[in-house]
Amino acid sequence: MKSNDRLSVFISLVLRHQPDAAGITLDEHGWADVNELIHGINGTGRFIDLDLLEKIVREDKKNRYGFDEGHTRIRANQGHSIAVDVELKKMLPPDVLYHGTATRFMESIKTKGLKPMSRLYVHLSKDYDTALKVGKRHGEPVVIKVDAAGMCRDGADFYLSENGVWLTKYVDPGYLSIN
């Protein structure tokens with residue numbers, strides 16, 4: 001793993017799960033002060049400056065992070081395990097969404113549905129291939145088809161994160177198709 005990749009993973013940890021790992025705090029919307037983040041990261045023995053931070057954000061293939069307009073604040077776009085309101089807008093999803101996971105979780109999913117687990121939301125993909133890539137990160141992959149249209153008709157809310165991940169609080173097993 002390249003050093004910038006390791007640094008990106010650390011930034012993800014700080015902005016999504018453990019801001020205290022860099023000695024910073026996030027506001028109620030998940031924003032961190034850029035200068036405090038840089039200072040905090042450097043205080044852990046790692047090196048980062050504004051140019052490198054901007055490069056990491058710009059080159060992140062998953063578009064995990066975003067700056068405010070003035071580049072004075074930064075936050076993770078989604079995937080938090082800590083309670084923050086990233087000001088997601090409710091949106092109407094495509095009729096079908098997909099969830100990638102590992103086969104070892106399937107028995108639980110069949111009976112209990114999709115739960116956010118340690119995160120605030122269940123993460124869903126708009127296409128099969130993306131879900132398959134996500135599933136591969138967790139072991140032997142399986143892709144679950146989600147009847148998002150049915151969920152919407154029955155009152156479920158969906159949100160689209162800045163990086164294109166669909167989010168919802170819970171998916172009942174009745175809305176799942178497992179091939």
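## A tour of the salt bridges

Glu 87 is partly exposed, with 41% relative accessible area. The model under view is a predicted one, and six salt bridges are counted in it.

Begin by selecting Glu 87 together with Arg 75: their side chains form a salt bridge, at 3.1 Å from N to O. The two residues are 12 apart and join distant parts of the chain, Arg 75 lying in strand 3 (residues 73-76) and Glu 87 in the loop between strand 3 and strand 4 (96-102). Arg 75 is buried, because its relative accessible area of 10% falls under the 20% limit.

Next, select Lys 90 and Asp 157, whose side chains meet in a salt bridge of 3.5 Å, N to O. This pair also links distant parts of the chain, 67 residues apart: Lys 90 is in the loop between strand 3 and strand 4, while Asp 157 is in the loop between helix 6 (148-153) and strand 7 (159-160). Lys 90 is exposed at 56% relative accessible area, whereas Asp 157 is partly exposed at 32%.

Proceed to helix 4 (residues 106-112) and select Glu 107 and Lys 110; about one helical turn separates them, because they are three residues apart in this helix. Their closest N and O atoms are 3.6 Å apart, and the two residues form a salt bridge. Glu 107 counts as exposed, at 57% relative accessibility, and Lys 110 is partly exposed, at 44%.

Finally, select Asp 27, Asp 68 and Arg 73, which are linked in a network of salt bridges.

How values were computed:
Residues are numbered from 1 along each chain as its sequence is written. This is a predicted model: local features need pLDDT of at least 70, side-chain atom pairs count only at pLDDT 80 or more; totals for chains, interfaces and linings use all residues. Side-chain values use heavy atoms; hydrogens and water are left out. A salt bridge is a side-chain nitrogen of Lys or Arg within 4 Å of a carboxyl oxygen of Asp or Glu. Helices (H or I, at least four residues) and strands (E, at least two) are DSSP runs, numbered from the N terminus. Buried means under 20% relative accessible area, exposed over 50%, partly exposed in between (1.4 Å probe, protein chains only).
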